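Please look at the two chains together before turning to single residues. The paragraphs below take up charged pairs, ring pairs and then the contact between the chains.

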Protein chains: 2
Amino acid sequence: MVHADASNFASGLTKEETYQQVLLQAEGLFSDQRNWVCNLANAASLLWHAYKSLPFPSNQVNWAGFYTVDRSAPASRPQLILGPFQGKVACQTIAFNRGVCGAAATQLRTQLVPNVDAFPGHIACDGDTRSEIVVPILVDGGSDEGAAGEEKERKLVAIIDVDCAVQNGFDEVDKLWLEKLADLIGSSCDWD
Amino acid sequence: MVHADASNFASGLTKEETYQQVLLQAEGLFSDQRNWVCNLANAASLLWHAYKSLPFPSNQVNWAGFYTVDRSAPASRPQLILGPFQGKVACQTIAFNRGVCGAAATQLRTQLVPNVDAFPGHIACDGDTRSEIVVPILVDGGSDEGAAGEEKERKLVAIIDVDCAVQNGFDEVDKLWLEKLADLIGSSCDWD
């Protein structure tokens, strides 16, 4: 049975080891469950508790969660809509042309932003946030349901968004492992 | 614009005043948004930060969030499925005949449990939990889509679940205000 202990991360592990544990726990949780709301909710919890177990700057993470592609938005104005997360109340929708999340959704590439105040069009949903990483979650195309990236082989379904209350909160290690997690989440869930 | 400050609750308020602020913030958030995933995610955040601002025992809350009725479950085996929450990793599905959440889903009544260890069939998803309150979220019937309570006028769509790491974590004040919140959430979201 799923148990809250899955969120308990030992202190003293490296960031790589901690992310590895996140991936292993997520794989276990997703092995018998493909509901995306359920899986993103538990994944946000795993990420949040992983960061809190790590030393500075990772333990300064102040938001960890997901936005999904809003299926109800018109094709002319694509937007993301808030999904499960841990942290303070967050923006409900984000247009594809706005901020760090929008850049990830448009470019289909990870955005590693050491200083959000220097990012053009950054959305200051939480004034405490100083750095951010946003990783697109892509799935194999072939469906004609996609609200975005229809012409591409890989289709955007969601993004992972993690905010940190200090500058330079994230590095290439975060990028590498969050991209692994995005791959796992993309292939492990039914996206309606 | 939605701002993280909505999660900031002053200390020194009474529990009633704090819940009142949760309700007001939730009303504001839901006024231009009916997506249930988005709204439950922000509501879980409001509840979590509200409890953390309160004195003992409310500040010992260790999980606050939602389960929804699992539309994919067969009518013969109705179950709840995990929705947005704040806290540690949680059980993915809960059968209607199991535990405190199942009792609320079956009886369509709030379950106020001062000591979960004395509750028959309690699901020990987190061994730290000692007391729990579960409030059903009901909407007006009239649809034939309901997986449960089809013969009743009010149809179950979800539950609010809050766990506390000490016994007697909740009282009639929590029940009153969480039922108000359940009413607001029920009428403010589109439930697919």
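A salt bridge is counted where a side-chain nitrogen of Lys or Arg lies within 4 Å of a carboxyl oxygen of Asp or Glu. By that rule, a search of the whole structure gives 12 salt bridges over all chains. The structure is a predicted model, in which local features need pLDDT of at least 70 and side-chain atom pairs count only at pLDDT 80 or more, while totals for chains, interfaces and linings use all residues. Residues are numbered from 1 along each chain as its sequence is written, chains are lettered from A in the order in which they are written, and side-chain values use heavy atoms, with hydrogens and water left out.

One of these salt bridges joins the side chains of Arg154(A) and Asp140(A), at 2.9 Å from N to O. Because Arg154(A) lies in strand β6 (residues 154-164) of chain A and Asp140(A) in strand β5 (residues 131-140) of chain A, the pair ties together parts that are 14 residues apart in sequence; helices (H or I, at least four residues) and strands (E, at least two) are DSSP runs, numbered from the N terminus.

Rings of Phe, Tyr and Trp (its six-membered ring) pair if their centres lie within 6.5 Å, and planes under 30 degrees apart count as stacked, over 60 as edge-to-face and the rest as tilted. The count comes to 11 aromatic pairs over all chains. Among them are Tyr19(A) and Tyr51(A), whose ring centres are 6.0 Å apart with planes at 85°, so the pair is edge-to-face. This pair links distant parts of the chain, since Tyr19(A) belongs to helix α1 (residues 15-30) and Tyr51(A) to helix α2 (residues 36-53) of chain A, 32 residues apart.

How do the two chains meet? With contact taken as heavy atoms within 4.5 Å, 38 residues of chain B are in contact with 38 residues of chain A. Because 100% of the interface residues of chain B are also interface residues in chain A, the copies meet through the same surface. The buried area, which is the accessible area (1.4 Å probe) that two parts lose on being put together, summed over both, is about 3,000 Å² between chain B and chain A, and carbon and sulfur atoms give 60% of that. In chain B, Lys88(B), Val89(B) and Gln92(B) lose the most area to chain A, together 22% of what that side buries. Across this interface the rule finds 0 salt bridges.
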